[in-house]
Amino acid sequence: MSPDLTTSVGPLALRSPLIAASGTVGSVTELAGVADLSVYGAAVAKSVSAEPWSGRPAPRLAPAGAGMLNGIGIQNPGIEAWRTEVGPRLEGLEVPVWGSAVGHSPDEFALVAKGLEASGVAAIEINLSCPNLDGDMFSLDPSASEEVVASVRRAVGLPLGAKLSPNLIDAVPVAQACATAGADFLTLTNTIWGAGVDIKTRRPQLSGVIGGYSGPPLKPIALRFVIEVRQALPQMPIVGCGGVLTGKDIAEYLIAGAQAVAAGTIHLAEPRAGKRLIDELIDWMRKHRVSSVGSLINTLDLP
Ligand SMILES: Cc1cc2nc3c(=O)[nH]c(=O)nc-3n(C[C@H](O)[C@H](O)[C@H](O)COP(=O)(O)O)c2cc1C
């Protein structure tokens, strides 16, 4: 028998614990013709802002060790264009699409969230943790995070997730603030700040100098947040995110206490990775006689 892959993230029932992470599958519509979307529980579209953002100039991507640096700066068409151009194409997709909101102020986040809701997304992830924005990162400050989440909560009725940064020393006060403000789940985590140097030109590898580091080196860092937040807020649903490369990585996040697991960077090298990841997870579950994802979640044997 095939193991039961169903899970839930707060009010959201998912057929699979695998989620496509924001920014790595475009607006999801691009992936539809290329990959099997039925293996995902949800796919998160690239973050959208109130006005169009052009993003940073090239170079914006650079391989770095076993991971990748990006300094894209949330290039996006703005919520109005997104609503008219992307919104109508979401309905026929084989996967629930979650929108992702980004902004410079609580009001901007709320405006974007309203536009995403009108576009028919199933949930909204509030991107409090973009590493490539000028100004302070909301996720580093519990009260700033609380204000943004509360503003979005007042604006829309959809399930809301808050996406936090791994650049925190302690994520728990921020996680608590987001929960108090009405977040239904947390996504742990976004990319971590990093930089690279081109020794030939002696220039930074990214035009913005500092960017977001993602891929396999991020997994232990993000897992630390999943474990700590799970212990501090036992009832808060968590989407683990960072460095997923194999089906076993998904199992690790589930055991650590995540209800679902997002994979990002892997899609850039391997757009059809979702099917392989789920096949590997199923193989692993069969081999270890795990009959359901539900029975795996939060089973970490802590000392
Ligand atoms: C090229 C690129 C673009 C990204 N854009 C976004 C974005 O628009 N919004 C967001 O919340 N996260 C964005 N992320 C972060 C990913 O969603 C994810 O949190 C992070 O990359 C860690 O997961 P990974 O190691 O599996 O990639 C982006 C990541 C990459 C590599």
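A residue is called buried if 20 or more other C-beta atoms lie within 10 Å of its own, exposed if 12 or fewer do, and partly exposed in between, the C-beta atoms being placed from the backbone. The structure is a predicted model, in which local features need pLDDT of at least 70, side-chain atom pairs count only at pLDDT 80 or more, and totals for chains, interfaces and linings use all residues. Residues are numbered from 1 along each chain as its sequence is written.

**Exercise 1.** Determine whether R202 is buried or exposed.

*Solution.* Step one is to locate the residue: R202 lies in the loop between β12 (197-198) and β13 (203-204); strands (E, at least two residues) and helices (H or I, at least four) are DSSP runs, numbered from the N terminus. Step two is to count: R202 has 7 other C-beta atoms within 10 Å and is therefore exposed. As a further detail, its phi is near 60 degrees, a positive value in a residue other than glycine.

**Exercise 2.** Determine whether I74 counts as buried or exposed.

*Solution.* The residue is found in the loop between β6 (67-70) and α2 (79-85). Because I74 has 21 C-beta neighbours inside 10 Å, it counts as buried. Phi of I74 is near 50 degrees, again a positive value in a residue other than glycine.

**Exercise 3.** State which elements the buried residues of α5 pack against.

*Solution.* First, describe the helix: α5 (residues 142-155) has 14 residues and reaches 20 Å from its first C-alpha to its last. This is close to the 20 Å expected at 1.5 Å a residue, where the expected span is 1.5 Å times one less than the number of residues. Next, list its buried residues: P142, S145, E146, V148, V149, S151, V152 and A155. Finally, these residues pack against β7 (97-101), α4 (106-118), β8 (123-127), β9 (160-164) and α6 (172-180), with contact meaning C-beta atoms, placed from the backbone, within 7 Å.

**Exercise 4.** Identify the cis peptide bond that ends at P59, and place P59 in the chain.

*Solution.* The bond runs from A58 to P59, with omega near -5 degrees. P59 has its place in the loop between β4 (42-44) and β5 (61-64).

**Exercise 5.** Find how much of the chain is buried.

*Solution.* Of the 303 residues in the chain, 54% are buried. The secondary structure of the chain comes to 10 helices and 16 strands.

How values were computed
Two residues are in contact if their C-beta atoms, placed from the backbone, lie within 7 Å.
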